[in-house]
Amino acid sequence: MGISELYNLYLQHPVITTDSRECPEGSIFFALKGDSFDGNAFAGAALDKGCSYAVIDEKEYAREGDPRFILTGNVLTTFKELAREHRRHYDIPVIGITGTNGKTTTKELVSAVLSERYHVMHTEGNFNNDVGVPKTLLRMDHSHDVAVIEMGASHPGDIRKLVEYAEPTCGLITNVGRAHLQGFGSFEGVMQTKGELYDYLKTHEAPVFLNGSNPYLTAMARDRDLQRIISYGQTGDVNFSGEVIGNDPYVRFRWHELNGEWREVQTRLVGAYNIDNLMAAVAVGKHFLLSDEEIRHALENYTPSNSRSQLVETGKNKLIVDTYNANPTSMAAALDNFTGMQADMPKMAILGDMRELGEQSAEEHQKIVDGLRDIPEVWLVGEEFGRTRCGFRKFQDVSAVKEAIRSERPEGRYILIKGSNGVRLFELPELL
C-alpha cells in the first residue's frame, strides 16, 4: 500500500495509536518497535480491542486472509511518511525549534505569544523525537493558523531526518552546548547536528531567527551564508535586543526593536539565562505581526509547569526545581544564576548526575564541583558526582537523599534542585 492510499485510509480513520493498550474504536495501530518491545506482536490484540487496521512490518504476525493487516517495509518510516503527507495538506507557517538547552521553554513561550492572535498547534511535552514529531504533525487540522514543532537530537543526522518530515517554513536554534556527548562524540558533533536545521532553511530560502549574541550560532550562520535572518539577543546590533533588569527570583527584562523604545516585561520565569528564550519569543512574535502589548501580555502570564526552573514555596523552604534535564551547559547556567540571586535564607543545592556524556562524563562532573562557590551546603547525587574529588556531601541515589531529608528535616533554606531526569530528583520537592 502506497502512502497516498494509506493517507486516504487515514482520512477515514483519523485516530492513530502506537499503544495496544489504548485502541479507540476505528483507529489505526502502528506497530512501532522499541529497545524492549516489538509492536508487531501486539497488532492482533489491537485489532481485537477496536482498531480498524494495524500497520506491521513482519509478515508472520498477520492473520492469513485478514485485510486489516497492512504490511509495510518499515513501520516507523511509514509512520513518518504518513505524517509528512498530512503536513503537506496544510499551507500554514511551521516553526522548527531545536537546541541543546531551552528548546522546550522557547517552544512554550513562542506558542504563548502567537496564541494571543492565532490558533497554534505545538509540540506537547517533549514529543520531539522521530516518533513524537510525527505524532505532533498528525494533530494538525484546518483550525490551526500556525504550528510550532520542537525537534530534539542525540545522534548525528537526527535533525536532518526530522526536518525532512516536518518541513519547517522558518525556525531557530536556541543554543549549542555540551550535551548527549555520548551520542554526538564531540561538541563539534553537536554543532553540526543542530546546524542541520539551518541547512534545511537555507536550502528552502526560509527565515532564520538567530541569537546574534551567541558566538557559536552566529559562526554557524556565517559559515552557511544565511541570508534571511531575523536577529535577537543581548547586543545592540540585532533586530531585537533585550536585557535582564531584575531577577529576584522572577526575571524582569526589557527589550526594544532596533532604534525603538524600551518595553518592560515582568515574567514568572526563574533564571536570568531565560533572557535568550524570551527574546526568541519576542522576535518570532514581531515577525508574525503581534503588537508589543500582545507580546507583553503573553510573556507575563506564562507560568512554567514542567520541572523547568519552577519556583516552589513549600512552607518549609523555597525551591527552584529544575529536574527535567541537565548537561554541563545548563548546570553551569543554573548554578551561576542561583549564586547571583539575592536570598533572605541560607542557600542549598541538591545536584544530580548529568547523563549521556560518554567518555567526557568524569571531566565534566569534576568541572561542575570545581566551580561551585558561595553555596553553603551542597548535596551531590549519583555515581558520576560520587567519583568527583571534593568535600561535598555525596549520595548514591535519590532514595538515600530521601532518607537524609526525613531524618534531618531541612527547613528555612533556598534550595536549587537540578539533575537529569533519570536521577529522579523530581521526587524530592514533596519532602522539602
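Student: At what angle do helix 4 and helix 11 pack, and how far apart are their axes?
Tutor: Helix 4 (residues 103–114) and helix 11 (residues 275–287) pack at about 35°, with axes 9 Å apart. Axes are lines fitted to C-alpha atoms, for helices over the stretch in contact, and angles run from 0 to 180 degrees between N-to-C directions. Helices (H or I, at least four residues) and strands (E, at least two) are DSSP runs, numbered from the N terminus. This is a predicted model: local features need pLDDT of at least 70, side-chain atom pairs count only at pLDDT 80 or more, and totals for chains, interfaces and linings use all residues. Residues are numbered from 1 along each chain as its sequence is written, and side-chain values use heavy atoms, leaving out hydrogens and water.

Student: Which residues of helix 4 and helix 11 make the contact?
Tutor: On helix 4, T105, T106, L109, V110, V113 and L114; on helix 11, N277, L278, A280, A281, V284 and G285. Contact means heavy atoms within 4.5 Å.

Student: Ok, switching to strand 19. Why is it largely enclosed?
Tutor: Because 5 of the 5 residues of strand 19 (residues 414–418) are buried, meaning under 20% relative accessible area with a 1.4 Å probe, protein chains only.

Student: Which residues point which way from strand 19?
Tutor: Y414, L416 and K418 point one way, I415 and I417 the other.

Student: What does strand 19 pair with?
Tutor: Strand 15 (residues 318–322), parallel over 5 bridges, and strand 16 (residues 347–352), also parallel over 5 bridges. Pairing needs at least two DSSP bridges between the strands. K318 stands opposite Y414, and A349 has L416 as its bridge partner.

Methods: Buried < 20%, exposed > 50% of the residue type's maximum accessible area, 1.4 Å probe, protein only.
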